[in-house]
Amino acid sequence: MQSILKDARNGPSGLVVDNKSTVGGGVQDVYGEDRAIEDQLVTPWSVSVASGSTLLRDPRFNKGLAFTEKERDTHYLRGLLPPTYISQELQEKKVMNNIRQYQTSLQKYMALMDLEERNERLFYKLLVDNVEELLPIVYTPTVGESCQKYGSIFRRPQGLYISLKEKGKILDVLKNWNEKSVNVIVVTDGERILGLGDLGCQGMGIPVGKLALYTALGGVRPSSCLPITIDVGTNNENLLNDEFYIGLRQKRTTGQEYYDFLHEFMCAVKQNYGEKVLIQFEDFANHHAFELLAKYRTTHLVFNDDIQGTAAVVLAGLIASLKVTGGTLADHTFLFLGAGEAGTGIAELIALEMTKQSNKSLEEAREKIWMVDSKGLIVKSRMESLQQFKRPWAHEHEPCKDLLDAVKAIKPTILIGSSGVGRTFTKEVIEAISSYCKKPVILALSNPTSQSECTAEEAYTWSQGRAIFASGSPFDPVTLNGKTFTPGQSNNAYIFPGFGLGVVMSGTIRVHDDMMLSAAEALAKQVTEEHLEKGLVYPPFRIIRKISAHIAARVAEKSYELGLATRLPRPADLLAFAESCMYSPTYRSYR
């Protein structure tokens, strides 16, 4: 099989993309979603050809007042709609005006979710055209509040809820989902939602939000996306006592019973959807996240966004920042606050990139990276008490009890926060790193905003405007001494949508670390000198679809190089192919 794949990859002929053809990872475009066929007529299928009230109630095909006179006649809509015609552009203007009238972000979130449930294409058109304004609403930080209050605002299910009640019947539950061709699944057990802790079944807001971004930012078809919450209980007493809580009212199941349940789920997904469905683990607690990733990465197409996605987007920012700080990654010393799945995942990818850029071994690269956890600096004298995933980062050094002591002892040039604890990058810490480093890189990655290690204003003020700053949640521009600094947002949404598109369009069967490195490098290349002059180490989100297409092409290219892609022959122009595969939210004309 490997030789066949190699011959096909190296053969003289490549696939020339026909912009009128149906494309996308070998899966038929049932609903006319891809950009390549957006000018073709489609049939609005439900159980039969959708018409009348059935058509208006189907969010995939409903166009509201944008149905033409001919469509109203053909599909029995006369009298069911007011007589006027309103274009999609005017609908978009009207909805945005309405959303801007709401006083709170949660109200805006609920309005957007209501729109998605009645008019899918208009929802995604809004997201695509207003991404910088709406991203903080459908994703962090508002999605955190929505999860906390999910029981109170719950209206209709947007994904699958698989609880312990379904043990032994998970395959049957998956078959209840109306779409049979699923390419991407985002799954959580709700134990570690952002920096908010155990939210149980109400963590569903995260898979729903992530998959909305797969479509809006990465162009993955909404019909091929499936949000799933695994409900094994919750240890959150407030939720267990909340009369509106929607999950199992029991303490979390742990140990072998938990892993047996997850194994049944993983096997059922593969049996029902095949080898090439991408499974994204999201917001699992540390003690489960590493074990699940290690167990299934060789048998399933899986990745953990908290470990690998976060790592890729941070690495991209660091590569871009080298244009300002100078040197290579190996010339810098890194100090992390927080040694959980995000911190150690970022550190490992940085070390892997160092080995590519220099002659250092992986062990030598790791020696440039230090970590502080809740007990202080991770050093070899603590080895016996350390969890397995922390041990590679234990180096010879005297113990340091807190972050400030570690900064003074290690003298890092790059400070990264992934602790989930707000305001831990204090004035003393930032002044200390600024005292010996001309351009310190400070990344406060924890979400939501309340959990950020410091604000943009604090970082710029305490470093006297010399810091290169980015954060996990968005911050407004800061003006200091007459100069305006625009903080970057180290947001996973830069990576996972384009990464997912690249995996799907190439028919990839496994995720390799080199694919993550390729995604990070592709993102870093989109950062221009103009962006860097403003203090940005990430490009603006308004061009995210272009960025995602470039990432998808690089990920697919690496997958073909590694022999992991199954879509053959390989497209001659991967970037053009990625663009043709992307979902287009413009209304279709109906037969």
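Tutor: Arg121 is buried, yet it has no salt bridge; the nearest side chain of opposite charge, Glu33, is 5.8 Å away. Buried means under 20% relative accessible area, exposed over 50%, and partly exposed in between, with a 1.4 Å probe and protein chains only. A salt bridge requires a side-chain nitrogen of Lys or Arg within 4 Å of a carboxyl oxygen of Asp or Glu. Lys and Arg count as positive, Asp and Glu as negative, while His and the chain ends are not counted.

Student: On what basis are such values computed?

Tutor: The model is predicted: local features need pLDDT of at least 70 and side-chain atom pairs count only at pLDDT 80 or more, whereas totals for chains, interfaces and linings use all residues. Residues are numbered from 1 along each chain as its sequence is written, and side-chain values use heavy atoms, with hydrogens and water left out.

Student: Which backbone oxygen does the side chain of Arg121 reach at 3.1 Å?

Tutor: That oxygen belongs to Gly32. The backbone oxygen of Thr586 lies 3.4 Å from a polar atom of the Arg121 side chain.

Tutor: Helices (H or I, at least four residues) and strands (E, at least two) are DSSP runs, numbered from the N terminus. Arg121 lies in helix H6, residues 120-129, and Leu122 is found in helix H6 as well. Leu122 counts as buried because its relative accessible area is 4%. Among the residues that Leu122 touches are Gln88, Val95, Leu115 and Tyr587.

Student: Are Tyr76 and Asn481 buried or exposed?

Tutor: Tyr76 counts as exposed because its relative accessibility is 61%. Asn481 counts as exposed at 75%.

Student: Where are cis peptide bonds found?

Tutor: The bond from Asn447 to Pro448 is cis, with omega near -5 degrees, and Pro448 lies in the loop between strand E10 (441-444) and helix H20 (456-462). Another cis bond joins Leu568 and Pro569, with omega about 0 degrees.

Notes: Polar contact = N/O pair within 3.5 Å; in protein donor to acceptor, adjacent residues only side chain to side chain. Contact = heavy atoms within 4.5 Å. Lists of a residue's contacts leave out its neighbours within four places in sequence.
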